[in-house]
Amino acid sequence: MNAGPDHPIRPQEYAPPPPSVEEFKGALVRHLRADLLHGRRTATPRDWWAATCLAARDWAVVRFARTQRRNREANPRRVYYLSLEYLMGRLLVNNLINTDLYAIAEQALAELGQDLGHIAEREPDMGLGNGGLGRLAACFLDSLATLDYPAVGYGIFYEFGLFRQKFVDGRQVELPDAWLRYGNPWPVVRPEYSTEIHLYGELEPGGDPDPRARGSWRPGRSLIGVPWDIPIVGYGCETVNFLRLWESRASQEFDFATFDRGGYVEAVREKAESETVSKVLYPNDSTESGRELRLVQQYFFVACSLRDIARRHFRGGGSWDTLPEKAVVQLNDTHPAVAILELMRMLVDESRIPWDRAWDITRRTFAYTNHTLLPEALETWGVELFGRVLPRHLQIAEAINFEFLNGTVEAMWPGDDDRKRALSLFDEAHPKSLRMAHLSVLGSFSTNGVAAMHTRLLRSRLFPDFATLFPDRFNNKTNGITPRRWLRACNPGLSSLISGAIGDGWVRDLDRLRGLEPFADDPGFRAAFLQVKRDNKVALAHAVAERCGVEVDPDALFDVQIKRLHEYKRQHLNLLHILTLYRRLLDDPALDPQPRVFVFSAKAAPGYFLAKDIILAINLVAGAINRDPRIADRLKVAFIPDYNVGVAEKIIPAADLSEQISTAGKEASGTGNMKLALNGAVTIGTLDGANVEILEAVGGDQMFIFGKTVEEVEALWAAGYRSREVYERDPELRRAVDWLASGEFSPPGGGGGAAVAHSLLDGGDPFLVLADYRAYVDRQGEVDAAYRDRDRWARMGILNTARMGAFSSDRTIRQYAEEIWRLRPAAAHRPDGDAAASGGSLARELQ
């Protein structure tokens with residue numbers, strides 16, 4: 001980019017009016033020649049994709065420069081969003097839509113003999129995220145820019161991302177996700193903002209024994225953080241924010257003296273070790289070295305980010321005391337929680353600010369979003385490891401904890417040691433560990449959940465004592481999704497149908513979808529809605545045939561479960577239903593059920609062996625069903641490998657039924673439920689996460705709710721749940737589990753169906769799969785009947801779409817901005833004469 005966030009901007013760099021088709025064609029040809037060394041005849045589809053990205057960036061980058069100039073002059077309060085992952089997907093189509101260049105680019109390419117849709121498929125998904133946490137962060141960035149809020153995202157510039165998934169004999173195999181192998185036109189390196197951070201080492205002996213005094217830490221290793229910026233283009237506005245991602249490099253790239261002596265490997269050892277930090281998202285933490293790398297990653301990116309925030313703040317004339325007035329740092333889960341300790345260290349050790357004042361500044365700067373109710377998912381760090389990597393930070397955590405327990409907690413509950421153990425930042429069990437969720441709550445002025453039920457359970461189950469101490473800190477911000485990507489871009493057929501009926505204002509104001517409700521009773525609109533759905537299913541059927549080798553009927557019910565593979569999400573409950581249907585068809589060949597295509601896509605963490613066994617079991621069952629001539633097209637199962645945003649964008653528009661079947665009380669929110677419902681899928685689900693609020697919005701007649709509630713789950717465990725008793729009482733369930741455990745779905749080496757069945761029976765069924773089986777199967781029978789009534793099903797789908805306005809990430813971000821961040825849109829900071837503020841066009845401003 002020519003103008004960065006901290007460089008002045010010249011008047012001629014003001015954003016130009018949208019280009020004409022001829023101008024865009026010229027830009028395409030120019031980039032082909034100048035940047036890619038190709039002419040029109042020799043360019044490959046990838047070259048055309050890169051040239052289109054660069055041409056689109058030409059217009060976006062000037063808006064970017066204007067946005068940063070405006071923020072620099074106004075010096076507004078900003079939000080800094082810290083997240084270990086951002087599941088960005090592909091950017092070309094989204095950025096063309098957001099800059100209103102899509103139709104121009106499409107025509108320009110067509111006149112050059114190219115197809116935009118074909119070219120866009122050449123773009124790799126950015127390997128910067130994994131699941132819902134990262135996709136939420138990406139949606140939030142889109143909404144922040146669209147709503148004109150001053151914001152910067154911070155994360156890590158992963159070279160390989162999570163992993164690329166393939167199946168070998170049904171088993172998940174992890175391969176490197178080399179998304180940067182041939183470069184990418186969107187990220188731009190900003191070496192002038194590189195920063196150095198320190199780790200390891202020791203505390204100097206003889207220092208002040210009071211840990212609250214200025215520390216004397218002698219670090220043992222340094223890393224250089226090199227920032228890469230990705231433009232975040234707002235829709236229907238001039239704002240272009242940026243996502244700043246840190247790449248790790250060695251402080252000493254090359255030891256020439258060692259190399260000259262013949263130590264070729266040793267000469268580059270530091271470089272190799274340092275660059276490992278930003279290689280891979282979520283390294284396998286089943287080993288000690290993997291856990292250590294995760295901790296180093298987390299500290300690396302927050303330390304770089306805090307220095308960048310401080311640099312920008314001081315350049316704007318601020319002081320440490322004014323930091324909480326100008327900056328709010330949002331922690332996206334506990335991965336960035338070490339930032340609380342790092343800011344304290346910067347204040348106390350580097351700036352010599354007294355402890356109490358430093359703690360006040362810190363607590364008023366951070367806000368924390370919790371994303372899990374699973375105790376085992378709440379991040380902790382062994383004290384031995386944490387103290388080895390960050391000795392001074394451990395000392396600071398101990399001092400914070402001492403003051404908290406002997407001050408605040410003791411004053412509230414005098415002499416209550418049990419309460420102190422529950423609230424302590426440290427779990428004293430062997431081995432002693434630092435609780436990052438506790439640190440996040442204590443070190444922030446706000447703690448929010450991500451769905452109404454989740455927030456209620458945060459208060460009552462996860463952090464009850466913290467909620468008693470700090471009741472005003474806890475609040476709810478139900479998650480949302482951006483309609484720009486998750487309807488306008490990924491489902492152009494439905495988007496056009498909607499805009500033809502109610503206009504396109506819904507793209508910025510999703511509540512306008514309510515205007516579709518009368519069309520649910522219009523036979524012509526219902527028919528058009530079903531045709532759009534079928535067209536999307538035909539496209540997905542082609543993808544399934546290409547990627548899975550399975551031919552599926554687009555007139556079948558497409559039953560979809562796409563999400564991270566975890567026991568609590570209960571893909572194995574879905575599998576038991578499939579086995580039940582399979583057995584019924586074998587027992588009664590004359591049975592005429594509604595034909596179904598079950599579509600799965602999910603990745604399991606490399607060290608999560610039972611999750612990988614569930615994948616194997618699904619693939620083995622799929623193979624048996626898909627090859628069985630007795631079943632024909634009545635039942636098909638497809639597990640699409642390598643789930644990512646691009647795969648989701650193909651599946652979601654084609655889904656008829658959305659599987660949201662987690663155990664009640666385990667899912668924080670979920671956003672896949674929102675994406676699928678927005679695209680007209682009907683949900684079958686439990687009263688868990690945001691399903692509860694979706695039910696309130698769309699109505700019980702538009703969903704299929706089943707299963708035990710949170711209260712019933714708690715009562716069942718209190719009474720002593722025994723999964724074998726459920727298994728013995730239900731003959732159909734027993735046959736399905738026994739079949740799963742048989743050698744037919746378990747390879748000779750073990751695992752697969754046998755491992756899954758073992759977890760359900762001998763493993764105690766920790767997520768109540770068997771307890772909810774009968775209610776789930778019976779409800780699925782009602783789904784069959786509803787789907788056969790095509791008018792009824794169309795009406796249900798239309799009403800799901802029409803009533804999803806509350807689940808826009810725009811609504812979520814407005815609530816964060818108004819209720820937590822105290823942030824104003826950038827328009828509020830513009831001078832009265834600014835053309836953009838007064839609604840003047842960019843073309844008029846140039847005149």
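**Pockets and cavities in a predicted model**

Biologist: Which residues lie nearest the centre of the second largest pocket?

Modeller: In this predicted model, a pocket is an open set of points on a 1 Å grid over the protein atoms alone, with protein on both sides within 12 Å along at least five of seven lines, and lining residues have an atom within 4 Å of a point. The second largest pocket is lined by 37 residues, and those nearest its centre are Arg 90, Glu 123, Pro 124, Asp 125 and Asn 644.

Biologist: What is the volume of the second largest pocket?

Modeller: Volume here is the space filled by probe spheres set on the grid points, which are joined across faces, edges and corners. For the second largest pocket, this comes to about 1,000 Å³.

Biologist: Which residues are closest to the centre of the largest cavity?

Modeller: A cavity is a set of points where a 1.4 Å probe fits but cannot get out. The whole structure holds 11 cavities of 30 Å³ or more, and the largest cavity has a volume of about 160 Å³. Among the 14 residues lining the largest cavity, those closest to its centre are Met 88, Leu 91, Asn 94, Asp 142 and Arg 485.

Biologist: What is the volume of the second largest cavity?

Modeller: Its lining includes Lys 563, Lys 569, Glu 667 and Asp 688. The volume of the second largest cavity is about 70 Å³.

Biologist: What pLDDT does the protein chain average?

Modeller: Residues are numbered from 1 along each chain as its sequence is written, and side-chain values use heavy atoms, without hydrogens or water. While 93% of the residues score at least 70, the protein chain averages a pLDDT of 92.

Notes. Predicted model: local features only at pLDDT ≥ 70, side-chain atom pairs only at ≥ 80, totals over all residues. pLDDT = per-residue confidence, 0-100.
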